[in-house]
2 protein chains.
Amino acid sequence: MQVSVLFSGGKDSSLSAILLEPFFEIELVTCSFSLLPVGEVASEAAETLGFPHRVIRPDISILEKAYDIIMQDGFPKNAINFIHKSVIEHLASDENTSFIADGIRRDDRVPLLEHSQIRSIEDRFGVHYVCPLKGFGRAAVNELVKEHLVIEEGLSENVLKADYETELRELIKQRNGSEKVRDIFPTHVQSHIIERKKAIMN
Amino acid sequence: MQVSVLFSGGKDSSLSAILLEPFFEIELVTCSFSLLPVGEVASEAAETLGFPHRVIRPDISILEKAYDIIMQDGFPKNAINFIHKSVIEHLASDENTSFIADGIRRDDRVPLLEHSQIRSIEDRFGVHYVCPLKGFGRAAVNELVKEHLVIEEGLSENVLKADYETELRELIKQRNGSEKVRDIFPTHVQSHIIERKKAIMN
């Protein structure tokens, strides 16, 4: 069975792929709207992990709509969730996709699909959407990351990561300036993987 | 790292152990209040899977209190959740326990700990509580079960399983008769593992 793991180059999506590796054929998938070289950043991280990787480029109208949402709201949650849902639907509509995974943890609030949205996607597209870390808290994830990955952590404005936020920030910066980006996005710690520590035990 | 996987002999707890096996030292743990030989049933299933197994025997007062709850409510949910929480606390209070896992799926409603209960247990006892199947829907679980296990399915009154329900049903039967058990518990399909299909690929 093959699984397409949504991949940002960060610790959660990397660990998700590692946890699924003994049971699935792994493919890492990164979304880019081609505003920044996030596909290349993710591709390098994927090579470090030793997994095949591809970049999908959904229609720019998704990012445009997310821009409208975030400018209206003044905070990122709904815009990021909109991109997340749209990207999963884009991936699910590919007839070769059967399992889609992402790195959501137990305590994550954004991006997050509601149960009804998950069931709707699974039913409409005939796919399975799975979140290997959904039953793991932050501390448990950190224990596993420590065993399997070397990571670099930094503030979100300084680490170029292949997540939905990166290109949305860039679009706002281009249109409204850096000040507006800082107004809207709370600064938070991002991780980027540097090295995979060891192969799986068994 | 060692993980204690709560084990009923059914497909969900079996699959949870299999998913964690490449990353943890697995120990299967079954709770029994010694009303029925559920420990022995689970022990045989554990041997089939090839994992070490032990039976814990928390104080019978837990089952007594669950009996009071269910007789008051007339339905099983709160009583089963009470046993579940008490058993996890019993296990977490053992200083050798660091990770506790159970086989809750995405769509399971009983037994279920609330987020605040999970955080309280993790903080008070210094353990990690993880649910490897929490991010998997029923259909995705079934795909994985098909790859890794041969199971037998039957109605809950006919399959002797080592779950919390089994001994609670027995206590009600002893005190109030079989008719009362049928009044309170909806009949549902239970699984019991028969065979492990293959070793892990890697």
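## A serine in a loop

B:S34 is found in the loop between β2 and α2 (38-49) of chain B, where helices (H or I, at least four residues) and strands (E, at least two) are DSSP runs, numbered from the N terminus. Although B:S34 is not a glycine, it has a positive phi of about 65°. At 47% relative accessibility, B:S34 counts as partly exposed, a class that falls between buried (under 20% relative accessible area) and exposed (over 50%), computed with a 1.4 Å probe on protein chains only. In chain A, A:S34 lies in the loop between β2 and α2 (38-49), and it too has a positive phi of about 65° without being a glycine.

This is a predicted model, in which local features need pLDDT of at least 70 and side-chain atom pairs count only at pLDDT 80 or more, while totals for chains, interfaces and linings use all residues. Residues are numbered from 1 along each chain as its sequence is written, chains are lettered from A and ligands numbered from 1 in the order in which they are written, and side-chain values use heavy atoms, with hydrogens and water left out.

## Two copies

Chain B can be laid on chain A with an RMSD of 0.0 Å by a turn of 180° and a shift of 0.0 Å along the axis, the copies being superposed by least squares on the C-alpha atoms of residues with pLDDT of at least 70 in both. The two copies are therefore related as by a two-fold rotation axis. Since 100% of the interface residues of chain B are also interface residues in chain A, the copies meet through the same surface.

## The two sides of helix α6

Helix α6 of chain A spans residues 138-148, and its residues A:A140, A:V141, A:L144, A:V145 and A:H148 are buried. They cover an arc of only 135° around the axis, which puts them on the same side of α6(A); the arc is that of the directions from the helix axis to the C-beta atoms. On the other side of α6(A), A:R138 and A:K146 are exposed.

## Aromatic pairs and a charge over a ring

Over all chains, the structure holds 2 aromatic pairs, a pair being two rings of Phe, Tyr or Trp (its six-membered ring) whose centres lie within 6.5 Å, with planes under 30 degrees apart counted as stacked, over 60 as edge-to-face and the rest as tilted. A:F24 and A:F99 form an edge-to-face pair, with 4.9 Å centre to centre and 65° between the planes. Because A:F24 lies in the loop between α1 and β2 (25-31) of chain A and A:F99 in strand β4 of chain A, the pair ties together parts that are 75 residues apart in sequence. In chain B, B:F24 and B:F99 form an edge-to-face pair with 4.9 Å centre to centre and 65° between the planes.

The charged end of A:R175 sits over the ring of A:Y67, 4.7 Å from its centre, which requires NZ of Lys or CZ of Arg to be within 6 Å of the ring centre and within 35 degrees of the ring normal. In chain B, the charged end of B:R175 sits over the ring of B:Y67, 4.7 Å from its centre.

## A buried isoleucine

A:I70 has its place in helix α3 (residues 60-73) of chain A, and A:I70 is buried, with a relative accessible area of 0%. Leaving aside residues up to four places away in sequence, A:I70 touches residues including A:F75, A:L168 and A:F185, where contact means heavy atoms within 4.5 Å.
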